[in-house]
Amino acid sequence: MAYVSFDSAKKTDFVAVGRLCIDLNANEINRPMEETTTFTKYVGGSPANICIGMSRLGLQTGFIGKVADDQMGRFITRYLEANGIETSNVTTDRTGAVTGLAFTEIKSPTDCSILMYRDNVADLKLEPTEVSEELISRTKMLLISGTALAQSPSREAVFQALDYAKKHGAVIAFDLDYRPYTWVSDAETAVYYNLAAEKCDIIIGTREEFDMMEQFERNPERDDRITAAKWFDYSAEIVVIKHGKEGSIAYTKDGASHRADSYPAKVIKTFGAGDSYAAGFLYGLMQGWDISRCMSFGSAAACIVISSHSCSDAMPTSEQVNDYIARCERGEITAS
Ligand SMILES: Nc1ncnc2c1ncn2[C@@H]1O[C@H](COP(=O)(O)OP(=O)(O)O)[C@@H](O)[C@H]1O
Ligand SMILES: O=C(O)C[C@@H](O)[C@H](O)C(=O)COP(=O)(O)O
């Protein structure tokens, strides 16, 4: 059964709005940042990673965002273009804002952290007037990501994109992508996350991200079913709650739930799991697959990325994901 339907007459499959940044991933893995001296540069930012993932999977994609007027900004735009992503709505900041940097620390496969440099970043300067209604009008699915709600004018730009998506019948997906350091207060965070989530058809987040959104509500047992049920009174058709290595659970508006285990992986670092899972899951929905198959495909995509050094550059093709699932089924891959 299809929980969301896509307008096949539209030319563009998928557009993401929000953060375009740089990841600098430690080359010396299994070491704290204090002892790390070299890094490899990749395009980063959660919505950018998801969009790159969708493009690798073979979809027609585009991005709505803002980059700094510097070498890093041009590196990002060129990488998107090289990956077949339409950049007509990637604008360039003219105020001297900088590119956001994420330095990743890989202390062990399970102990990873991210040090973000995000003062005066270009991605949060996207203006609502810069959001292209024309692009959204020809797009089957729009993805928003929570960090873009952290500050004006990017916050208003996201709400403008949501308005255009509603007006033109695009399916709206929300990857919660909660990064505490971009926000001023917990209350402000919860209020804007909830306002945006009300408008979305598909909501994907970790248990901890939903906990943040529920700080004014009663869910003492942190019950996934209670979390999901709230959103079916608004626009949601599917709510996915991720539990790291423990897998994920998806609830649908008809009251059903679907659980997916994770696949084994030789983990290098855990970041990037959520972005690749989202790309795989949303791609599956666009193919008309049932929810369990979408979750399984997302889970395998996540394993490929966490077994790799990068997030964006490691986003798999559908052949790679299918091959990974087949190898797991044959018992050829075991956990690290
Ligand atoms: N250590 C792991 N081994 C195998 N799969 C994992 C692991 N960590 C995460 N995953 C997969 O990635 C998905 C998303 O990961 P999760 O950590 O919940 O999201 P996020 O990266 O957004 O915090 C999980 O549902 C699971 O399928
Ligand atoms: O989102 C960022 O700005 C950083 C990402 O590019 C980074 O690699 C990462 O943290 C991925 O996040 P996840 O998929 O939620 O683990």
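Buried, in these notes, means under 20% relative accessible area, exposed means over 50%, and partly exposed is in between (1.4 Å probe, protein chains only). By that cut-off K140 is buried, at 14%.

**Set-up.** I am working from a predicted model, where local features need pLDDT of at least 70, side-chain atom pairs count only at pLDDT 80 or more, and totals for chains, interfaces and linings use all residues. Residues are numbered from 1 along each chain as its sequence is written, chains are lettered from A and ligands numbered from 1 in the order in which they are written, and side-chain values use heavy atoms, with hydrogens and water left out.

**Salt bridges.** I took a salt bridge as a Lys or Arg side-chain nitrogen within 4 Å of a carboxyl oxygen of Asp or Glu. Searching the whole structure gave me 20 of them.

I went to K140 and found its partner: D13, with N to O at 2.8 Å. Which parts does this pair tie together? D13 is in strand β1 (residues 12-17) and K140 in strand β8 (residues 139-145), so the bridge ties parts 127 residues apart in sequence. Helices (H or I, at least four residues) and strands (E, at least two) are DSSP runs here, numbered from the N terminus. D13 is buried as well, at 11% relative accessible area.

Next I checked R179, which bridges to D177 with the closest N and O atoms 2.8 Å apart. Both R179 and D177 are buried.

R327 and D323 also meet in a salt bridge, at 3.8 Å from N to O. They sit 4 residues apart in helix α10 (residues 318-329), about one turn of the helix. Buried or partly exposed, I wondered about R327? R327 is partly exposed at 31%, and D323 is partly exposed at 37%.

I also noted a network of salt bridges linking R207, D211, E214, R222 and D224.

**Nonpolar patch.** On the surface, V191, L195 and F216 form a nonpolar patch with about 280 Å² of accessible area together. Patch members have over 30% relative accessible area and no salt bridge; like charges are joined within 9 Å, nonpolar side chains (Val, Leu, Ile, Met, Phe, Trp, Tyr) within 5 Å. Areas are Shrake-Rupley with a 1.4 Å probe, and for residues only the protein chains shown count as cover. I placed V191 in helix α5 (residues 186-197), where V191 is partly exposed at 42%.

**Cysteines.** My disulfide search (a pair of cysteine sulfur atoms within 2.5 Å) came back with 0. C112 is in none, and the nearest cysteine sulfur, in C311, is 9.8 Å away. That distance is too far for a bond. C311 is buried, at 3%.
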